[in-house]
Amino acid sequence: MADPVLLTISGSLRQEATNRKLLAEAARLFGPATVVEAELRLPLYDGDDEAADGIPAAVQTLSDQIAAADAVLISTPEYNKGPSGVLKNALDWVSRTKGNPWAGKPVAVMSAAAGRAGGEQAQALLRSFLVPFQPRVIAGPAVHLANSRNEFDDAGRLISERYQETLAVLMQNLRAELAD
């Protein structure tokens with residue numbers, strides 16, 4: 001059997017964002033997979049633009065990537081007690097594409113943030129944003145990476161054994177969903 005396709009979606013656009021690093025660690029712990037990184041540099045959703053020009057190519061690409069993935073990993077920062085606008089915008093755009101690429105898709109959600117709660121509120125809101133799409137969101141364990149700038153070594157690896165262990169269990173649970 002071929003390796004599963006694992007789509008990673010970072011709610012942060014910065015190349016060195018801790019959410020990107022967390023996704024890389026999660027993909028490593030997930031095990032053998034073809035990893036595809038989503039691009040969220042999309043235009044802001046505007047119904048008038050959609051009516052005039054249709055679905056932008058970058059949005060259709062993202063929708064197609066979700067549909068083609070065997071599983072999806074999403075990591076969000078916490079901006080003002082919520083997920084990033086970039087991530088919400090992507091969800092809104094994809095909801096306008098034909099079909100529902102999220103339906104029944106195994107999805108693991110995590111967060112990395114500078115604060116003490118590690119993006120817990122942002123992650124809770126993100127989970128609620130996904131409800132209309134009906135993916136199979138993995139219940140846990142919850143990964144809320146607090147003080148995230150100080151949680152990775154120079155090679156981008158998690159330094160806390162506790163976070164490594166929790167993330168490994170979440171990835172085991174996500175992989176187990178592929179069998180269903």
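Contact, on this tour, means heavy atoms within 4.5 Å. The model is predicted: local features need pLDDT of at least 70, side-chain atom pairs count only at pLDDT 80 or more, and totals for chains, interfaces and linings use all residues. Residues are numbered from 1 along each chain as its sequence is written, and side-chain values use heavy atoms, with hydrogens and water left out.

**Stop 1: the whole protein**

Show everything as a cartoon. There are 6 helices and 6 strands. Both are DSSP runs numbered from the N terminus: helices are H or I with at least four residues, strands are E with at least two. Trace the chain along its sequence and the pattern reads β-α-β-α-α-β-α-β-α-β-β-α. The radius of gyration is 16 Å, close to the 16 Å of the globule rule for 180 residues, so the protein is as compact as a globular protein of that length. That radius is taken over C-alpha atoms, and the rule is 2.2 Å times the number of residues to the power 0.38. Along the principal axes, the C-alpha atoms fill a box of roughly 50 × 40 × 25 Å.

Of the 180 residues, 44% are buried. Buried means under 20% relative accessible area, exposed over 50%, and partly exposed in between, with a 1.4 Å probe and protein chains only. Among contacts between residues at least 6 apart in sequence, 81% join residues at least 24 apart.

**Stop 2: helices 4 and 5**

Select residues 85–94 for helix 4 and residues 120–130 for helix 5. Their axes lie 11 Å apart, at an angle of about 5 degrees. The two helices are therefore roughly parallel. Axes are lines fitted to C-alpha atoms, for helices over the stretch in contact, and angles run from 0 to 180 degrees between N-to-C directions. Angles under 35 degrees count as roughly parallel, over 145 as roughly antiparallel, 65 to 115 as roughly perpendicular and the rest as oblique.

Now show side chains. Leu87, Lys88 and Leu91 of helix 4 meet Leu126, Phe129 and Leu130 of helix 5.

**Stop 3: Gln123**

Stay in helix 5 and pick Gln123. Gln123 is buried, at 2% relative accessible area. A polar atom of its side chain lies 3.0 Å from the backbone oxygen of Val143. Leaving out residues up to four places away in sequence, Gln123 touches Thr76, Val109, Met110, Ser111, Val143 and His144.

**Stop 4: Ser63**

Move to helix 3, residues 57–68, and select Ser63. Ser63 counts as buried, at 3% relative accessibility. Beyond residues up to four places away in sequence, Ser63 touches Val94, Thr97 and Pro101.

Notes:
Polar contact = N/O pair within 3.5 Å; in protein donor to acceptor, adjacent residues only side chain to side chain.
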